[in-house]
Amino acid sequence: MELTPPGPRGIPPLFARLVDDSALFPPGDAAMPEALRAHFASRESEHAGVLGVFLCQASRLPELITELIKIKPKQPLPLSLIIDTGLGGVPKAISIVESRSELLALRMVEMPAPSDVDEVWLERVSEFVPEDVIRVVEPRRGVGWLDGVRKVIEHGSWPKIRCGGQAGENFPSVDEVADFLAVVSGATGASFKATNSLHRAVRHTDPDTGIVHHGFLNLLVASARSLSGGDVRAALESTDAEALAEEARGLSEQAAKAVRSLFASYAAASFEQPVADMGELGLL
């Protein structure tokens, strides 16, 4: 499966299908009708090629289907199914999605890993999720979490890194992100997904909370450096938007595709904000 098909209307390969739509999740918490209306509007927008899949919890599938029946989309909605019903609920959720193929196209299944990422659990994930659907597993950060990341990769799934959340402890340090990138970039053919609090392109401090947020452009440049032997930590720590943008623009098409084969996508509650940031930096 090609991870980053070229987006329409001349979207650069580094940003094609980069931003997955997590409007249903915090901090967006959009109602289903509004989230879907905004998503389909984004699919018709000038920068539609930046948009990836729509994220929806397994527990909300009936609600999603009800709204899609009203909308009557021209094409099935590209979906990432977020498993919030436990591993045992995966087969039923996938069956529901596949029974409504005129409305939904299942691209990805995402789930948190148990505290101990064991082989038997990962084998069950592989058995439950169809081969043509991407499996994304999030090991919990903590002691030994990188071993969990390695196990996820070994079982053919994408590891997911959570870059923030509702509290300060949800934000990984620069060293933790750099260590994660070292593991994933060192594994042949591995890809990862990022989620949470990557609202802006560049690392910044939230004026309301005082918490420092990672930037998705920092993560893209750090991924490029992790593949080329550059200074990953400096890329993650940088708040120099112009320098990061210049480095991103300077990547060859081949290098950009390699970066996106590694850093496949990230989930954002707002599509407009990352697109606006990219536009201001002359990246689109």
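This is a predicted model: local features need pLDDT of at least 70, side-chain atom pairs count only at pLDDT 80 or more; totals for chains, interfaces and linings use all residues.

## First look

How many helices and strands does the protein chain have? The protein chain has 11 helices and 10 strands. Here helices (H or I, at least four residues) and strands (E, at least two) are DSSP runs, numbered from the N terminus.

Residues are numbered from 1 along each chain as its sequence is written, and side-chain values use heavy atoms, with hydrogens and water left out.

## Overall size

Another way to describe size is the radius of gyration, taken here over C-alpha atoms; the globule rule is 2.2 Å times the number of residues to the power 0.38. For 284 residues a compact globule would have a value near 19 Å, and the protein chain has 18 Å, which agrees.

## The barrel

Now look for the barrel. Eight strands close into it in the order β1-β2-β3-β4-β5-β6-β7-β10, and their pairing is parallel. From one strand to the next, the twist averages 30 degrees. Two strands pair if DSSP finds at least two bridges between them.

Let's zoom in on one pair. Strand β1 (residues 19–21) and strand β10 (residues 263–268) run parallel and are joined by three bridges. Asp-21 has Ala-268 in β10 as its bridge partner.

## Helices lying across the strands

Which strands does helix α1 lie across? Helix α1 (residues 32–43) lies across β1, β2 (51–57) and β3 (77–82), and it runs at about 165 degrees to β2. Helix α7 (residues 216–228) lies across β7 (192–195) and β10, running at about 170 degrees to β10. Axes are lines fitted to C-alpha atoms, for helices over the stretch in contact, and angles run from 0 to 180 degrees between N-to-C directions.

## How helices pack together

Two packed helices are described by the angle between their axes and the distance between the axes. Angles under 35 degrees count as roughly parallel, over 145 as roughly antiparallel, 65 to 115 as roughly perpendicular and the rest as oblique. A crossing is left-handed if the near helix is turned anticlockwise from the far one by less than a right angle, and right-handed if clockwise. Contact means heavy atoms within 4.5 Å. For residue classes, Ala, Val, Leu, Ile, Met, Phe, Trp, Tyr, Cys and Pro count as nonpolar, Asp, Glu, Lys and Arg as charged, and the others, Gly among them, as polar.

Start with helix α5 (residues 145–154) and helix α6 (residues 174–185), whose axes come within 10 Å and cross at roughly 30 degrees. Therefore α5 is roughly parallel to α6. The contact includes Trp-145 and Leu-146 of α5 together with Phe-180 and Val-183 of α6. By class, this contact of α5 with α6 has seven nonpolar, no polar and three charged residues. The crossing of α5 past α6 is right-handed.

The axes of α6 and α7 come within 10 Å and cross at roughly 50 degrees, so α6 is oblique to α7. Their crossing is right-handed. Val-177, Leu-181 and Ser-185 of α6 make the contact with residues of α7 including Leu-219 and Ala-222. The contact of α6 with α7 divides into five nonpolar, three polar and no charged residues.

What is the handedness of the crossing of α7 and α9? The crossing of α7 and α9 is left-handed. In α7, Leu-217, Asn-218, Val-221 and Arg-225 meet residues of α9, among them Leu-244 and Glu-247. This contact of α7 with α9 has six nonpolar, one polar and two charged residues.

## Two backbone details

Finally, find Pro-27 in the loop between β1 and α1. The peptide bond from Pro-26 to Pro-27 is cis, with omega near 5 degrees. Arg-17, in the segment before β1, has a positive phi of about 55 degrees although it is not a glycine.
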